[in-house]
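User: Could you walk me through how the strands pair up in this one? I'd like to go piece by piece.

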Amino acid sequence: MKRLLKNIFSVLFLLIFCQIHAQEPSFYIRTLRSISMTQDTVQMQGIRFKDVDVVYNKIIDFTNQNITIKQAGVYEVNGFVNINPGVYGGVKDSLQIEVYWIKNSGKPSEQILCSVKQNYTCGNMDVARTFLFRPQLFRFEAGDDISIWAKVLPTSTISINNNKNYHQIHKPTGMQQIAGLRISREN
Amino acid sequence: MRKIFLLYLLIFLTNGWAQEYAFFHYESKLEQYFKFHPGASKKILYVNMDRNDIVFNSLFDLDEKTTQLIIPISGFYEISGYFHFDLRTGNVKNSRAGINFGFVQIQNGIEDYIAGTRISYTETNQDGFLDIYIDPTIVYLEKGVIIAPAMSTGLLDKPIVNAYLGCERTNKDCIAFQWSLKRISNEASSQKYF
């Protein structure tokens, strides 16, 4: 009887082990919380996530809002950010914003993984647009961190909505998604 | 010796079973028309599907009477998709024009986008087909929720738009719409979409 119980326990342990092992080595974080930007055409502005934004995480060290690779390897990265400048311009006005996904920002090994520029023109400066980072493969080392930044480009002829209570990083009308990032380790 | 062999077999079988993620893949050339009404940004229009266009399915329980795709097991899923889409509208210069493309979960009659992207239209991209991608997104889905590909106006200043999901006349064999759903973990969790 004792032996039978021992065997049953072993099988159950194996099944649980295999179930855990079956989880995909991925990370997904998204915010449903809008974020404010400032009118600054010199500095990039960080787009940060919080602990509560983590949807799924089997591979990333997410401490102090930093997204850090735990294990060297090849990873697929993709993401999106929705930005609504929240202004109205004339027919001659335009507003350019660029979003950057950066590895090791501010360090000697800094690398822009992806940058996407959007041009807002008359009639659509008060509507959110998606900045899309299409899936790409990258080689990362343990300790590499990934961050997202946005910048109002100096070519803009009009400022973004400068009210500090206005949140430019915002959901598009009719949809709740604001910003998201997926990192998946290749097998 | 026999016991060791049986144990090895058990490990092999359970590991093999666990590594196979339940998966659904759909690819279609089906042409479909959509009418978007300005001011109806919350009105969600659904993409029709044909069971003959299901390329692979080890995820959903389907039979001849199935009309909705219902999540069979709670867990984390990875979803992605592609729309070949032509807005077919008048001039959208100096106006608001955008369409939200993505996937909706329907739970207790409430529709929520779980993955999506917004395409903003201007005079530079309003004419002709665009390739619209819903890149891989990880979501937690509860058993019993309905999953459906969808689109909505977002914000549209122009009159009714007759949009088209399909292929160019010169490229009738293109893929007009495709999507995939893969269960990546059975662990219990929860996720808010609103």
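Analyst: Before any bridge partners are named, one cut-off is needed: two strands count as paired if DSSP finds at least two bridges between them. Please keep in mind as well that this is a predicted model.

User: OK, which strand does strand 2 of chain A pair with?
Analyst: Strand 2 of chain A, residues 45-47, pairs in the antiparallel sense with strand 10 of chain A, residues 145-152, over three bridges, and the partner of A:I47 in strand 10 is A:I148.

User: And what stands opposite A:W101?
Analyst: A:W101 also has A:I148 of strand 10 of chain A opposite it; strand 7 of chain A, residues 94-103, runs antiparallel to strand 10, with seven bridges between the two.

User: How many bridges join strand 5 of chain A to strand 10?
Analyst: Two bridges join strand 5, residues 66-69, to strand 10 of chain A, and these strands run antiparallel, with A:T68 standing opposite A:D145.

User: Switching to strand 1 of chain A: are its residues mostly buried or exposed?
Analyst: Strand 1, residues 26-31, is mostly covered, with six of its six residues buried. A:S26, A:Y28 and A:R30 point one way, while A:F27, A:I29 and A:T31 point the other way.

User: Why the two sets?
Analyst: That is because side chains in a regular strand alternate between the two faces of the sheet.

User: Which strands does strand 1 of chain A bridge to?
Analyst: Strand 1 of chain A is joined antiparallel to strand 11, residues 179-185, by six bridges, where A:S26 partners A:S184; three bridges join strand 1 to strand 3, residues 54-57, also antiparallel, and there A:Y28 partners A:Y56.

Key: Residues numbered from 1 in each chain as written. Chains lettered and ligands numbered in written order. Predicted model: local features only at pLDDT ≥ 70, side-chain atom pairs only at ≥ 80, totals over all residues. Buried ≥ 20, exposed ≤ 12 C-beta atoms within 10 Å, placed from the backbone. Helix = DSSP H or I, 4+ residues; strand = E, 2+ residues; numbered from the N terminus.
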